[in-house]
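This report describes how the parts of a protein chain are arranged and which side chains meet. Please keep the sequence and the structure in view while reading.

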Amino acid sequence: MASFSFGAGNAAKLLRIPLYVAGRLATLLIPRSADEWVYGCGAGIGDGALALWNEASAQHPSVWLVGSERERRDAAALGIPTVPAYSVRGFWRTARARVAVVTHGFGDVNRYAIDGAFIVQLWHGIPLKRIGIDSPETVELPAAMRRMPWAGVLRAVLAALYRRTTRRISLIPAASHLVRGRLESAFSLSDHRVPVTGEPRVDVLSRGDAATRRARARQRIAELTGDVGASRLVLYAPTWRDGAADPAIPDADDWARIVRMLAARDAVLLVRSHPLGAGRYAPPGDDRRVRMLGSELVADVTPLLPGLDAMITDYSSLAFDASLAPLPVVFFAPDLDDYVARRGMYGTYADVAGGEWATDWAAAVAQVDAVLGDEDTRRHLLARAAERSSAVHAFVDGGNAGRVHAEIVARTRREGRGRR
């Protein structure tokens, strides 16, 4: 089932304009603190927000704003204090905060009280598909409104509101100068606001030694999905189709082909359908060779990448994260032309996939089989992963969160001196 689309989301934004105005008036009257921070993450307790929390929260009065009981429990398990984001206390803590840390949008905290804060947008992956104002989907309307004569005016209003909103971002860290250009364009920001520090969210893939990272990740996967023994693990991570159905859901023949290959290679397929996507991945019967690893089990899959042996994806930024593990990646893009026409892409797909992508499950399964069964194929795809990593990651030292924290502290101190 699709839980979100840009059209529905944008319609809701237009209806909420009076609330934004009221919130803006309130934040003009409520003084911000000198050093309080609030955190939020649209995907749950994880991602770059958690990495920065672990780095910085002990040095600043901090609270995590949550949107569900699940998030509250996950935060409590990590000893993180929380406040409901859209409660009176959530509004007050956001309105008082000097720094607001988000990963998806301003709604990660309390969107009506964020004006005037130093806003840190950590984003949730290196963009391959176009994002923000670079993508036409960002200003899309619901189907019923697209046919109206004033649809073009509404899109123009949404684009203006989007630019006005994103230009309030104070800092968005980039993984490299290549990524920096994409973020500047997508969020309409100057280069000063997009420093190349590396992404805090991937520090976990560079800290410690590889053997420890792998053992810890496999143990966590077993806790989440059941015992995996010595089986090799393959992650399938399709990306979001902007509320549309996923065209790559296997049919019965595809599932039979997948399970036969997994059994022959003593492997397990972990399916992580996008939390905002649509479609049900359910193999016939109860074959433990295929297991779900959705967001309801684990909010942030990045720390689990070192425990894998291969990954299948289409347009997900996980392909760039996997290059740090490193993992051989099989690219599976059954709807490439339609997806690019609708969403757009930075560069070309071949720049990332290398001209070796599958367009159906038969080809994808054959490529995974080769990765698991042929060392030359595995080495070739690992070399491709290294090329992707060098293109987009300026830092691989596990110190990204520290650099981002230092940037925030330096900039807020300069702003504080400027106000006196």
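A salt bridge is counted here when a side-chain nitrogen of Lys or Arg lies within 4 Å of a carboxyl oxygen of Asp or Glu. The model is predicted, and local features need a pLDDT of at least 70, side-chain atom pairs count only at pLDDT 80 or more, and totals for chains, interfaces and linings use all residues. Residues are numbered from 1 along each chain as its sequence is written, and side-chain values use heavy atoms, with hydrogens and water left out.

**Salt bridges**

By the rule for salt bridges, the count comes to 21. The table lists some of them.

| Pair | Closest N to O distance |
|---|---|
| Arg214 and Asp309 | 3.0 Å |
| Arg180 and Glu184 | 3.5 Å |

Where do Arg214 and Asp309 lie? Arg214 belongs to helix 9 (residues 210-225) and Asp309 to the loop between strand 9 and strand 10, so the pair ties together parts that are 95 residues apart in sequence. Helices (H or I, at least four residues) and strands (E, at least two) are DSSP runs, numbered from the N terminus. Accessibility is described in classes: buried means under 20% relative accessible area, exposed over 50%, and partly exposed in between, with a 1.4 Å probe and protein chains only. Arg214 is partly exposed, with a relative accessible area of 29%, whereas Asp309 counts as buried at 9%.

The other two pairs in the table lie within helices. Arg180 and Glu184 are four residues apart in helix 8 (residues 177-187), which means that about one helical turn separates them. Arg257 and Asp254 are both in helix 10, three residues apart, about one turn of the helix. Arg257 is partly exposed because its relative accessibility is 28%, while Asp254, with a relative accessible area of 15%, is buried. Elsewhere, salt bridges with shared partners join Asp47, Glu199, Arg201 and Asp321 into one network.

Two strands pair if DSSP finds at least two bridges between them. Six strands form an open sheet with parallel pairing, in the order 3-2-1-4-5-6. Strand 3 (82-84) and strand 6 (169-171) stand at the edges; each has a single partner strand, so one side of each is left without a neighbour in the sheet. From one strand to the next, the twist averages 35 degrees. Axes are lines fitted to C-alpha atoms, for helices over the stretch in contact, and angles run from 0 to 180 degrees between N-to-C directions.

Strand 5 (residues 118-121) runs parallel to strand 6 and is joined to it by two bridges. Which residue of strand 6 is the bridge partner of Ile119? The partner is Ile169.

Helix 3 (residues 47-56) lies across strand 1 (37-39), strand 2 (62-66) and strand 4 (99-102), and runs at about 150 degrees to strand 1. Helix 5 (residues 88-96) also packs on the sheet, where it touches strand 1, strand 2 and strand 3, and its direction makes about 135 degrees with that of strand 2.

**Aromatic pairs**

A pair of aromatic rings is described by the distance of the centres and the angle of the planes. Rings of Phe, Tyr and Trp (its six-membered ring) pair if their centres lie within 6.5 Å; planes under 30 degrees apart count as stacked, over 60 as edge-to-face and the rest as tilted. The structure holds 13 aromatic pairs. One of them is the edge-to-face pair of Tyr39 and Trp53, at 4.9 Å centre to centre and 70 degrees between the planes. This pair links distant parts of the chain, with Tyr39 in strand 1 and Trp53 in helix 3, 14 residues apart. Both Tyr39 and Trp53 are buried.

Trp53 also pairs with Trp64: the ring centres are 6.0 Å apart and the planes stand at 55 degrees, so this pair is tilted. Trp64 lies in strand 2, 11 residues from Trp53 in helix 3. Trp64 is buried, with a relative accessible area of 0%.

**The sheet of five strands**

A second open sheet, of five strands, has the order 9-8-7-10-11 and parallel pairing. Strand 10 (residues 310-313) and strand 11 run parallel and are joined by three bridges. In strand 11, Phe331 stands opposite Thr313.

Conventions:
Contact means heavy atoms within 4.5 Å.
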